[in-house]
Amino acid sequence: MLLWLLGLPAVLAGSMSPAHISLWVFLVSYIFVGIEEVGVQVEQPFEITPMTRLCNVIMLNLEEALAMPPPAEASEQGGGADE
């Protein structure tokens, strides 16, 4: 891609003014580099998201939930209507 972007001004040199060449090279480069960056982010999505922090929060919540005794049921408390 780098060679293509570097060769683009030479190809456009005979057909446009230097100001138009600069504008088109900038626009095309911006679009292609943006598409390349999106492709890199799609390939490695977990480098963007804070997975370590998210996993630590989930682990702490699970440890807290498992450390608490289970709630007593209504039938064990003796408050049921069957008695």
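Me: Why is F32 called partly exposed?
Reply: F32 has a relative accessible area of 33%, and the class called partly exposed lies between buried, under 20%, and exposed, over 50% (1.4 Å probe, protein chains only); F32 therefore counts as partly exposed. The model is a predicted one, in which local features need pLDDT of at least 70 and side-chain atom pairs count only at pLDDT 80 or more, while totals for chains, interfaces and linings use all residues. Residues are numbered from 1 along each chain as its sequence is written, and side-chain values use heavy atoms, with hydrogens and water left out.

Me: How many aromatic pairs does a search of the whole structure find?
Reply: The search finds two, where rings of Phe, Tyr and Trp (its six-membered ring) pair if their centres lie within 6.5 Å, with planes under 30 degrees apart counted as stacked, over 60 as edge-to-face and the rest as tilted.

Me: What makes the pair of W4 and F32 edge-to-face?
Reply: The ring centres of W4 and F32 are 5.2 Å apart, with 90° between the planes, so the pair meets the limits of within 6.5 Å and over 60 degrees. This pair links distant parts of the chain, since W4 lies in helix α1 (residues 2-12) and F32 in helix α2 (residues 18-43), 28 residues apart. W4, at 46% relative accessibility, is likewise partly exposed.

Me: Why is the pair of F26 and Y30 called stacked?
Reply: Here the centres are 6.2 Å apart and the planes 25°, and an angle under 30 degrees counts as stacked. F26 and Y30 are four residues apart in helix α2, and therefore separated by about one helical turn. F26 has a relative accessible area of 55% and is exposed, and Y30, with 62%, is exposed as well.

Me: What makes L5, L8, L12, I21, V25 and V28 a nonpolar core?
Reply: These six residues form the largest nonpolar core, a term for a set of buried Ala, Val, Leu, Ile, Met, Phe, Trp, Tyr and Cys residues joined through side-chain atoms within 4.5 Å. Helices α1 and α2 each supply at least two residues of this core. Not counting residues up to four places away in sequence, V25 touches L8, P9 and L12, contact being heavy atoms within 4.5 Å.

Me: How many helices and strands does the protein have?
Reply: The protein has four helices and zero strands, where helices (H or I, at least four residues) and strands (E, at least two) are DSSP runs numbered from the N terminus.

Me: How do you know that L27 is partly exposed?
Reply: L27, which is found in helix α2, has 35% relative accessibility and so counts as partly exposed. Of the 83 residues in the protein, buried residues make up 8%.
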